[in-house]
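This report looks at helix packing and helix geometry. Sequence and structure come next.

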Amino acid sequence: MNTTDSRKTPSLGLSILVFVVIAACIGYGILGLGLDAHMPILVAALFAACVGFFFLRVPWTAIEEGMLTSITVALQATVILMIVGILIGTWILGGVVPGLISYGLAILNPSIFLVATLLICSIVSLATGSSWTTSGTVGIAMLGIANGLGIPAPLAAGVIISGAYFGDKMSPLSDTTNLAPAVAGSTLFDHIRAMCWTTGPSYLIVLAILAVIGTKYGSGTVDTSRVAAIQALLGGEFSISLLCLVPPILVIASAVLKVPAIPGLFVGVVAGCLMAAASGFGIADILGAAHYGYESTFAAEVAGAADEAAVMALLAEKGITIAPDLAKEVGEMISKLVNRGGMDSMMWSISLIFVALSLGGIMEACGFLEVIIGTVTKNIRKVGTLVAAVVASSVISNIFLGDQYLSLVIPGRMFKTTFEKTGLAPRMLSRTLEDAGTLTSALVPWNTCGAYQSSVLGVATLAYAPYAFLNYINPFVAILMSYLGIGIYWRNEKGEDVIARKADF
């Protein structure tokens, strides 16, 4: 084994070739073979390591150190993800998430259906931290209501996805919201605060657009029976009250008071446990939900009932009057929504993070990232241009790598050093990664996110893409604000992040 550091510097051509082969390997594995991203990324990492070791003579110790250093950066994020899994499990058991969904549906109004759909999906995705769960459950319900109103399915699907991905990028419970700051070297709540600068204006723009478009469909009537059925079955399984707002408020307050992410989230966990205890659950039930997640009882029984008489009997026990067919349909939807959470549920994401960061560490250790980024950023002098480069890299990653996690990890590792050298705070990089990487993933038909959304909603990706306003407006707003010097975080000599209206390096 080569133990001396006689490494060669990779050429731009070789660096691009390695990147293309990696993109092809991952893309074929995910899109062609239908695999999860883990193994294709691992194969790509082995390829990059072999090129570095055999052709560039990079010592294995340096390659291994690059991998481990990259993984070490994300250790806090993985701990946070495990806590988030515990949080979700206890919040569902304690009626927090079901309560937020129930009250969110209560704001539905025919005259503002599109705006209400955006708000409902935003609330659910903020509460669950999952765009996929939101669109696959409440999103389907909203799509059904939209069909009854005569609202085109592509328009409704685009609005659903806008709301679902708002929470996906802003919720502290989201895996991407934890991954982006881990890659960039920021912290969870610093990252969320930074995103408010770009996501807030973008969200207001989307609300205005939907308010205007919605006037065309304001004369329709909503089939409130479906909404009432969802609320009734949620109430039949969970103890729902306005107290469900307390745990989220505590977590938000912790963020505002700049409490570190881990103790801040544990405050939410404790609040969820107390609510579960107040609902009559014992210690074993609470710890079980914290570890393995929640498993639906009442809604699942309704969905799996053998016949109409069995459904009616279950509903009668709870004092609920709903048509049996509707009850079974809604019961299945609710059971899918609440059967989640727990520390174990985060292990898939954590293992993916480790593998993806290993690939990034190898690319960095062998010098491939340095060569590519050095060429791209050679003449960049403005914050806006650098942000645009990150946005472009994230979009390209979504197109060629086929997975939103990679659109955060690869550009994040590529641009991390550049942001440090220019004096920009790490939260600027993490914010931009989410503005582009997380949001545009749903707009690519062959990306795992685009494929999932199209499948679950029954609307082609390119059909709903024009109406997923937040997903493509946000990246443009991020670039524009950066050129204007608005909401720019700089890191001063004391290592503190400060906002200054300065658009040049």
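A crossing is left-handed if the near helix is turned anticlockwise from the far one by less than a right angle, and right-handed if clockwise. The model is predicted: local features need pLDDT of at least 70, side-chain atom pairs count only at pLDDT 80 or more, and totals for chains, interfaces and linings use all residues. Residues are numbered from 1 along each chain as its sequence is written, and side-chain values use heavy atoms, with hydrogens and water left out.

## Crossing of α4 and α15

Helix α4 spans residues 75-93 and helix α15 residues 283-292. Their axes come within 7 Å and cross at roughly 135°. The crossing of α4 past α15 is right-handed.

From α4, the contact (heavy atoms within 4.5 Å) takes G85, I86, G89, T90 and L93. From α15 come D285, I286, A289 and A290. By class, this contact of α4 with α15 has five nonpolar, three polar and one charged residues, with Gly counted as polar.

## Helix α2

Just after α2, R57 takes a positive phi of about 60°.

## Helix α18

Helix α18 (residues 324-338) has 15 residues. It reaches 21 Å between its first and last C-alpha, close to the 21 Å expected. Among its buried residues are P324, M333, S335 and V338.

Key:
Axes fitted to C-alpha atoms, helices over the stretch in contact; angles between N-to-C directions. Helix = DSSP H or I, 4+ residues; strand = E, 2+ residues; numbered from the N terminus. Expected span 1.5 Å × (residues − 1). Buried < 20%, exposed > 50% of the residue type's maximum accessible area, 1.4 Å probe, protein only.
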